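Me: I have a structure open and would like to go through it with you. Could you take my questions one at a time?

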Amino acid sequence: MDTSSPAVFANAELIKMYTGRRVRAVVQVIRNEGGVLVGKSTDGQQLTVKGSPAFPLSHFVEVIGIADGNQSIRAEISTDLGENFDAVAYDGLCQLANGKHRKLFL
Amino acid sequence: MTNSVTPGAISMLLANPSPDSSSEIPEIVVQVVDLKPIGSSTTRFTFMASDGKMKIKAMLPTHFASEIHSGNLQNLGLIRILDYTCNSIPNQPDKALIVTKCEVVCPALETEIKSEVKEETGIVLKPKQEMVAKSAAQIVREQRGNAAPAARMAMTRRVHPLVSLNPYQGNWTIKVRVTNKGNLRTYKNAKGEGHVFNVELTDEDGTQIQATMFNEAANKFYPTFELGKVYYISKGSLKVANKQFRTVANDYEMTLNENSIVEEADGEGAFIPETKFNFVKIDQLGTYVNGRELVDIIGVVQNVSSTLSIRRKSNNDTIPKRDITIADDSNKTVVVSLWNELATDIGQQLLDTVDSAPVVAIKSLKVGDFQGVSLSSVSKSKVLINPDLPEAKKLRAWFDSEGKGTSMASVGSGFSALSKNGAKSMYSDRVLLSHITNDQTLGQDKPVFFSIKGYISFIKSDQTMSYRACKTCNKKVTEAIGSGYWCEACQKNDDECSLRYIMVVKVSDHSGEAWLSVFNEQAEKIIGCTADELNRIKSEEGDDKYQLKLKEATWVPHLFRVSVAQTEYMNEKRQRITVRAHAPLDCSAESRYLLEEIAKMSLS
């Protein structure tokens, strides 16, 4: 298992902190435009995912990739999580993983 | 000029034991205490010279004896020391003050002057004091006083530690402090009427025991015992404590009758131990519902009802009761029922001040399940209004900033109606397995209910998993003579019966593990098939498939609603945990619950 560059649990807010680093975020698909996916992140803000295939609208997708500037990720791996997803719980996880308990994750 | 001693006089005297001339001596006024003649002499007097803080053994000059005879100087009087020496006494650590020249300042004061250790200047007259710095001589004297008792009293004064008392040894004396005094209550039972009251006694080692007095003894000793004072007690009787009424951690309890001897120990300062609180937040009360443990809470009073009179069923007595609503920073409210004096006195005080939202701390409340969660006062409950505790200040700050505006829900509303679909109520009274297994007294009188989340860790494959059950009423059937099965309850024979699960499974969570008894409905969900089906697999498909089925059920997480009760099995008390309801693990709800718990952890 390659643990050289772990992906940080992030939402739109936290992506700004990790520009250039590998992150993972869950977005709910709003629209698909060519090779770009526009979604709503778990904290309600908009995120753009470049280089990702299209996914059905309103599905939740987990994107692992490099944070690239403001509000966008260059996707490496995308996974469809379906329609049932608890965004609030995931967001709570992001807060904890980047706050008090960072050492557990990075 | 003030009629008082010179502070630090004794130290001054000791610092300069042999002054050369009287001009060197500063103004020194001491109080004469314990003035008595030496032996049968009329001219030589000894006393303790006191400056309010220290005392030193001293002797008066012989020419001064006339002052004593004339009454110019009496015990508790003040003298100014004009010339003196301090001599060492052989075999004693202290020095003695030989006064060679002095004059009377004041013949006699009301009491001995004692100053507080804290004060720098000025001496405060106090009739009873806490710790006073004593000279070595005084301490030695006191210790000797305790060891040579025979002269004083007829009974053996050798004090036994409370921990050594037992019902088979009658001749003991204990020296204890009253740390709690109950009220004098009247009762009526099959034998008639009576009064009773009890006290909680603590000795020097910290051991506690409860002492009860009935009727004449109660009347005799009720005025004698005072909270905080120390007594010598003997001729009481001991018996094994009745767990139902036990409030104190001791296997024995004491009864005093009219022949018992209770004597106040003088010289011991009255020390009322500070009430120690162990507060529980209102939203944590769920786990204590119907348990034996009494809780302490602290909160802001939001509402005070008027006094109601409740009629007691047993003897038609009317008792006053008042309900107050309390809120704390867990953003929940709870109703506390105050009874008797607490309702009338404290309750009235709270009613008068309710607009100022006073903070109230209450010790020893029983947790009931009326309207979900309710608190009720017992005879030993103590209420403090606006206490000087750090928790009180924190609550005050919280209330003034947020609490005032927030509308808070009653903690009980979360517990109403245990729904069949356990999902929602699986979060009320959520505890860890260790909470249940660590307290073996849970569910002694009435079973207590909890929610738990755990993983099935082990199912014994060689246990009796099921029983033969009647198809109609589900009760156990016996094999009838001939063929078929006989159901005792339905009083009929049936050719067929169904198998219903009755088994124990081992469940684990991160805190520990426990064996749970599971009945048919829940077992079906755990194993994933009916008892009949499982039996079929065992007999037709072979043991391997059977084991596999059990294995598939292991390490699956579940949410359970369980009841905990204490049962006796072959004269041994066992804790029996039974599953009442089951729900599959809902990851989303569970995640939210965990997030909440994590947030709570970081606050505390």
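What follows is a conversation about this predicted model.

Me: How many residues of chain A are in contact with chain B?
Reply: Eight residues of chain A are in contact with six residues of chain B.

Me: And how much area do the two chains bury between them?
Reply: Chain A and chain B bury about 490 Å² between them, and 69% of this area is on carbon and sulfur atoms. On the side of chain A, Asp86(A), Ala89(A) and Leu96(A) lose the most area to chain B; together they account for 64% of what that side buries.

Me: Which side chains meet in a salt bridge there?
Reply: Arg592(B) and Asp86(A) do, with a distance of 2.8 Å from N to O. The count between chain A and chain B is one salt bridge. There are also two residue pairs in polar contact between these chains, both at pLDDT 80 or more. The side of chain A that touches chain B divides into four nonpolar, two polar and two charged residues.

Me: Now the helices. At what angle do H2 of chain A and H11 of chain B pack?
Reply: Helix H2 (residues 87-98) of chain A and helix H11 (residues 587-603) of chain B pack at about 35°, and their axes are 9 Å apart. The crossing of H2(A) and H11(B) is left-handed.

Me: Which residues make that contact?
Reply: H2(A) contributes Val88(A), Ala89(A), Gly92(A), Leu93(A) and Leu96(A), while H11(B) contributes Ser591(B), Arg592(B), Leu595(B) and Ile598(B). By type, the residues of this contact of H2(A) with H11(B) are six nonpolar, two polar and one charged.

Me: Moving on to chain B, where do H9 and H10 stand relative to each other?
Reply: The axes of helix H9 (residues 531-541) and helix H10 (residues 543-553) of chain B come within 6 Å and cross at roughly 145°. Leu534(B), Ile537(B), Lys538(B) and Glu541(B) in H9(B) meet Asp543(B), Lys545(B), Tyr546(B) and Lys549(B) in H10(B). The contact of H9(B) with H10(B) consists of three nonpolar, no polar and five charged residues.

Me: One last topic, the backbone. What is phi at Lys235 of chain B?
Reply: Phi of Lys235(B) is near 60°, a positive value in a residue other than glycine. Most residues other than glycine have a negative phi. Lys235(B) lies in the loop between strand S10 (230-234) and strand S11 (237-240) of chain B.

Me: What about Ser364 of chain B, and where is it found?
Reply: Ser364(B) has a positive phi of about 65°, although it is not a glycine. Ser364(B) is found in strand S18 (residues 359-368) of chain B.

How values were computed:
Residues numbered from 1 in each chain as written. Chains lettered and ligands numbered in written order. Predicted model: local features only at pLDDT ≥ 70, side-chain atom pairs only at ≥ 80, totals over all residues. Heavy atoms only, no water. Axes fitted to C-alpha atoms, helices over the stretch in contact; angles between N-to-C directions. Helix = DSSP H or I, 4+ residues; strand = E, 2+ residues; numbered from the N terminus. Contact = heavy atoms within 4.5 Å. Nonpolar A, V, L, I, M, F, W, Y, C, P; charged D, E, K, R; others polar. Left-handed = near helix turned anticlockwise from the far one by under 90°. Buried area = accessible area lost by both parts, 1.4 Å probe. Salt bridge = Lys/Arg side-chain N within 4 Å of Asp/Glu carboxyl O. Polar contact = N/O pair within 3.5 Å; in protein donor to acceptor, adjacent residues only side chain to side chain.
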